[in-house]
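Please keep the sequence and the structure at hand while reading.

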Amino acid sequence: MAFSCASGKNRPSGKHRKPGRFERTTARAAGVAALTATGVVGTLAAPALAAEPAAEQTGLMPVVAVEDTIALQIDAQAAAQERAAAEAAARKQAAEEAARHLAAEKAKEEREVKERAAREAERKRLLSYVSPIAGSYVSTSYQSGGAVWSSGSHTGIDFHAASGTSVHAVGAGTVVEAGWGGAYGNNVVIKMNDGTYTQYGHLSSIGVSVGQTVTPGQQIGLSGATGNVTGAHLHFEARTTAEYGSDIDPVAYLRSHGVDI
């Protein structure tokens, strides 16, 4: 019987056969991949594989390259997200700043509008005129004749008023006389802001002093019956100067300033 002499090429079979190089390399590559995924390859893989074939032959390089690529992609994505978040925060801050600036400008404009309106209202008020006795009427007209007046005629008008009734400045001006005025009794004379003068006579009391500025409707005294009178009332005159004899029609004067009388 003839026997083959190729004993050097025969491989043991069964459980005692050594794993081939291809099998060892495949198993090693799988192990390295597993270690790489768990982070252990950096500390354990190098010594264990020092005597083994090059990584290119085992498939380790492609595995590591893939891991590096993924890491770079993750880093790039994280950086992009950080940039996007920073840009979004900057846009939000700019929008909030713009909103605050707009609100401040709007508040400033509204404040300026209110201030202008207040100034205009005050200007109109200071230019306005009122009746010297609220809700009263003229009981004696201008230039009425009679012996009771030294000039022979009435130089002003009389407003019906009980003693103690509030007497008001008809407009804005400065007090130039406040005290006893002879036949006028206690009287007040005001130089108005338009350059004319107004007089308030027969007062029971005076509430202002010379040099004091007054505004339309401000109380300057109380009506009475002091001086040359037959009963309580308010004598009102309009003049071109502070002196007696420069009188003008008080009704026409008040109506020219918008007073309904």
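With which residue does Arg 239 form a salt bridge? The partner is Glu 237, and the closest N and O atoms of the two are 2.9 Å apart; a salt bridge is taken here as a side-chain nitrogen of Lys or Arg within 4 Å of a carboxyl oxygen of Asp or Glu.

This is a predicted model, in which local features need pLDDT of at least 70 and side-chain atom pairs count only at pLDDT 80 or more, while totals for chains, interfaces and linings use all residues. Residues are numbered from 1 along each chain as its sequence is written, and side-chain values use heavy atoms, with hydrogens and water left out.

**The chain as a whole**

The protein chain holds 5 helices and 10 strands, these being DSSP runs numbered from the N terminus, with helices (H or I) of at least four residues and strands (E) of at least two. Of its 261 residues, 25% count as buried; buried means under 20% relative accessible area, exposed means over 50%, and partly exposed lies in between, with a 1.4 Å probe and protein chains only. The accessible surface of the chain comes to about 16300 Å², and 57% of this belongs to carbon and sulfur atoms; such areas come from the Shrake-Rupley method with a 1.4 Å probe, and for residues only the protein chains shown count as cover. Among contacts (heavy atoms within 4.5 Å) between residues at least 6 apart in sequence, 59% join residues at least 24 apart.

**Salt bridges**

Side chains of opposite charge can pair when their charged atoms come close.

| Residue | Partner | N to O distance |
|---|---|---|
| Glu 97 | Arg 100 | 2.6 Å |
| Arg 125 | Glu 122 | 2.9 Å |
| Arg 239 | Glu 237 | 2.9 Å |

Glu 97 and Arg 100 both belong to helix α4, where they are 3 residues apart, about one turn of the helix. Arg 125 and Glu 122 are also separated by about one helical turn, because they stand 3 residues apart in helix α4. Glu 97 counts as partly exposed at 44% relative accessibility, as does Arg 100 at 47%, and the partly exposed class also takes in Arg 125 at 34% and Glu 122 at 35%. In the pair named at the outset, by contrast, Arg 239 is buried with a relative accessible area of 3%, and Glu 237 is buried at 0%.

**Surface of helix α4**

Helix α4 spans residues 60-127 and includes Ile 70, a partly exposed residue at 36% relative accessibility. Together with Val 66 and Ile 74, Ile 70 makes a nonpolar surface patch of about 250 Å²; patches are made of residues with over 30% relative accessible area and no salt bridge, with like charges joined within 9 Å and nonpolar side chains (Val, Leu, Ile, Met, Phe, Trp, Tyr) within 5 Å.

A search of the whole structure finds 3 aromatic pairs, where rings of Phe, Tyr and Trp (its six-membered ring) pair if their centres lie within 6.5 Å, and planes under 30 degrees apart count as stacked, over 60 as edge-to-face and the rest as tilted. The rings of Phe 159 and Phe 236 have centres 6.4 Å apart and planes at 70 degrees, so this pair is edge-to-face. The pair links distant parts of the chain, since Phe 159 lies in strand β2 (residues 157-159) and Phe 236 in strand β9, 77 residues apart.

His 235 is found in strand β9, which covers residues 234-239, and is buried at 3% relative accessible area. Its side chain makes a polar contact of 3.2 Å with that of His 154; the term covers a pair of N or O atoms within 3.5 Å, where within protein one must be able to donate a hydrogen and the other to accept it, and residues adjacent in sequence count only if both atoms are side-chain atoms. Leaving aside neighbours within four places in sequence, the contacts of His 235 include Tyr 184, Tyr 200 and His 202.

**Positive phi values**

His 202, in strand β6 (residues 197-206), has a phi near 70 degrees, a positive value in a residue other than glycine, and is buried at 5% relative accessible area. Gln 143 has a positive phi near 65 degrees, but its place is in the loop between β1 (138-140) and β2, where Gln 143 is exposed at 51%.
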